[in-house]
Every structure is written in structure tokens, then in C-alpha cells.
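Take a look at the one below, and then we'll go through some questions.

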Amino acid sequence: MDALLPIWFTKRDTARSVRQRIGAVAKWAVAQGHRPDNPAGNALSAALPNNAGPRRHQRALPHAEVGAALARVRDLDAFAGTVLALEFLVLTTARSGEVRNACWEEFDLEGAVWTFPAERMNAKREHRVPLLPRALAVLDEARRLPPGAGTVFPTPTGRTQLHPYMARLLHELDTDAVPHGFRSSFRDWAAECTDAPREVCELALDHVNPDRVEAAYRLSDLFERRRVLMNDWAAYVA
């Protein structure tokens, strides 16, 4: 309590990290028989005041502005790997880390399918993404990039792109959005401009069904219906 309270409200992220590290040391001490309990555990949760701040959503563009933003990104004098990665992120509604760490082995170009292995997914389950013609064209352009360490969109030196790279492109354009925000742009477009059922839209974003009973009975990933939806999205941003 003495260590955490001075920073509990003013430096929330740091305080959370400090608590986790104290807890890691204490758990080791419990396992070694040096103390009977973890002082940073559940009892501390009850004693510390609530320090939750206002929830901030990822900055996103209105869906009607996404196509123009992509066109401006393509016109930038920037490394092609980063430009292609950002366009691919928008077309597939994937997360930044999924695109930056994508490997060629994950793609079935003939079947036009990108399959994420379970270990790379937030939900720890395999996820398939339909690849439409423009996304396949982006991958074809990516093959001409300097060879990297197995990733599709490497840096000029062949390394895996870091998180800020795509964000910098948007910053250069003075665009009030972050890469993850394009998922919100897609979701708003799907709700406002299509008749796609909610479950199709949510699966396109790889969101887990919060209803465990419904999820247990719905085994299909609605892949072909998602292919139709993603085709409409690609046409819209084009």
C-alpha cells in the first residue's frame, strides 16, 4: 500500500506494473516457502481505491473518409512495405500486430484465404480471413520488397515492422486516427451501410461471441458470408 498509493491515481499504468512485479516476486517467495501469502493479491484489490480513468477508444476516421485517406497514404514518399501493410490492414480489418507479423506460410493464395494460427490470436483460436482481389494484389506487390525474416511486410533492413511505423504514416498526413481505428471505421460502415447480420460483422473482426451458450452451438465461422461483406468493404474504400 505504501509503495502504490503515491502513484495509484497519477501514474495508473506504472502502478499496475509495479503491483504485478511485486506480485511476481511474492509468488516466487510463497513457492520457496519464504512467506505464506502474496501481499499484492486479492486482499490488496479490496484495500486499494478504484483508480479507473475514463475509457478512451482508439481514434478512428468516419468510414466515408477511409478511401481518401488510403489514397493519400499511397501517394506518400514512404517505404512501400509500410504503405502496403497499412492498406492490407484496412482491407482485411486485421489488427496491427497480425499484419506486421504475418508470414507467407499463413497464406493460401490460390484459395484466397489468410489463416491466423491460434498462437497469434487474442482468443487463442485459429481464424480465417477472406482475401479479395485488391488484398491479393497488395500481397503480390509485397513479394517485390527486400527479403525479410519470413514476414510479408518487412522493414527496409529485413526486420519485422514495429508498432509505430504505420501510425507514423497517418501522423504525416495529419490524420486523426490510429491503425487500430480502421476496425471501428469498418464496423460503423457495416452497421450503417449494409444489411449484414451482426454476427457476420463481429466475426469479420474476430470478436468472440460473449454468449457462451450461443457460441457453443454456432460452430461455423460464416466464411463465405464474410467474403461477400469484405468484398463490399474493399469496393467501398476503393
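Q: What do β1 and β2 form, and how many residues lie between them?
A: This is a predicted model, and in it β1 and β2 make a hairpin, with four residues between the two strands. Ala112 sits in the turn and has a positive phi of about 55°.

Q: Why are β1 and β2 called paired?
A: Pairing takes at least two bridges between two strands. Strand β1 (residues 107-108) and strand β2 (residues 113-116) have two bridges, so they count as paired, in the antiparallel sense. Across from Asp108 you'll find Val113 in β2.

Q: What makes β2 and β3 a pair as well?
A: Count the bridges again: β2 and strand β3 (residues 127-130) share four, and the cut-off is at least two, so they pair. The sense here is antiparallel. As for partners, Thr115 is bridged to Arg128 in β3.

Q: Why does β1 count as a strand?
A: A strand needs a DSSP run of at least two residues. β1 covers residues 107-108, so that's enough for the name.

Q: How many helices and strands does the chain have?
A: Eleven helices and three strands. Follow the sequence and the pattern reads α-α-α-α-α-β-β-β-α-α-α-α-α-α.

Q: What share of the chain's residues count as buried, and what makes a residue buried?
A: A residue is buried if its relative accessible area is under 20%. Of the 238 residues in the chain, 41% count as buried.

Q: What is the accessible surface of the chain, and how much of it belongs to carbon and sulfur atoms?
A: The surface comes to about 13,900 Å², with 52% belonging to carbon and sulfur atoms.

Methods
Residues are numbered from 1 along each chain as its sequence is written. This is a predicted model: local features need pLDDT of at least 70, side-chain atom pairs count only at pLDDT 80 or more; totals for chains, interfaces and linings use all residues. Side-chain values use heavy atoms; hydrogens and water are left out. Buried means under 20% relative accessible area, exposed over 50%, partly exposed in between (1.4 Å probe, protein chains only). Accessible areas come from the Shrake-Rupley method with a 1.4 Å probe; for residues, only the protein chains shown count as cover.
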